[in-house]
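Have the model open while you read.

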Amino acid sequence: MKKIMIFSGTTEGRALVKFLQAYSVQLYVSVATEYGKTCMGEAKNMKILTGRKNREEIYHFLQEHHVDLVIDATHPFAKVVTENIKEATKQAEVDYIRCLRDTGPTMDLADEFLICVESVQQAVEYLCRTEGNILISTGSKELEAYCRIPDYKTRCYARVLSTIQAVGESVHAGFEGRHLLAMQGPFSVEMNVAALHHVDAAYFVTKESGAAGGFTEKWEAAKSAGVKLVVITRPEEDGKSFAEVRELLTRFLES
């Protein structure tokens, strides 16, 4: 029986797991959080590993369990994780496939509602020169960076996952009370508009998360509410689309 390991942190990762559950393979699925584990469901041929792993831990697991193939379907912004997986698979001499998230709509850089930056730090630098309330939806891990914004405790509102870890990280960074919205996305245009109106936002910060991450709905909501959308653009990377990965898997399993 062939052994496949999937590092999942996206909709594409969950879809690949579901696809492979129908085959006679031993499937190992690595997720970062308990919430990620609950999204996977159960299957007889699947073992779920919870918690972030460094390069050495990944390498030892691949060696110990004689994994034949690794699929990296982590979030496009999880660059450190992807590098650790790449290095571990190379060291263990295990085949590696990077599954890319759908890029979503092409951004019109002439759009007056769109501000594109390359990192959270650049977003913060831009927002430091602005006035008005800010709705932040870039995740709980990087919220401390926004504390550099003058009057951030009154200007900034964070929308994060409704998990103990995400809420704890947000509170630690100084976001709590009505300045913390704990909700599970992706959200409709109407929900995004409601959130923007609720916090009286002038700016809406997001990552270029593709169709699966609800980017289109955020963009439409910003235009509808008359709010500037500050977008942290996706880093360039090499890999395969979901359809291409599924085709490669089919060939691999039938070989």
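**Helix packing notes**

1. Start with the residues: Glu12, Ala15, Leu16, Phe19 and Leu20 of helix 1 touch Phe242, Val245, Arg246, Leu249, Thr250 and Leu253 of helix 10 (contact means heavy atoms within 4.5 Å). By class, this contact of helix 1 with helix 10 has eight nonpolar, one polar and two charged residues (nonpolar is Ala, Val, Leu, Ile, Met, Phe, Trp, Tyr, Cys and Pro; charged is Asp, Glu, Lys and Arg; the others, Gly among them, are polar).

2. Before going on: this is a predicted model, where local features need pLDDT of at least 70 and side-chain atom pairs pLDDT 80 or more, while totals for chains, interfaces and linings use all residues. Numbering runs from 1 along each chain as its sequence is written, and side-chain values use heavy atoms, without hydrogens and water.

3. Helix 1 (residues 11-20) packs on helix 10 (residues 242-254) at about 25°, with the axes 11 Å apart. That is why the two helices count as roughly parallel (angles under 35 degrees). Their crossing is right-handed, meaning the near helix is turned clockwise from the far one by less than a right angle.

4. Helix 3 (residues 55-65) and helix 4 (residues 79-92) pack at about 40°, with their axes 8 Å apart.

5. Which residues of helix 3 and helix 4 make the contact? Helix 3 brings Arg55, Glu56, Ile58, Tyr59, Leu62 and Gln63, and helix 4 brings Asn84, Ile85, Glu87, Ala88, Thr89, Gln91 and Ala92. Six are nonpolar, four polar and three charged.

How values were computed
Axes fitted to C-alpha atoms, helices over the stretch in contact; angles between N-to-C directions. Helix = DSSP H or I, 4+ residues; strand = E, 2+ residues; numbered from the N terminus. Parallel < 35°, antiparallel > 145°, perpendicular 65-115°, else oblique.
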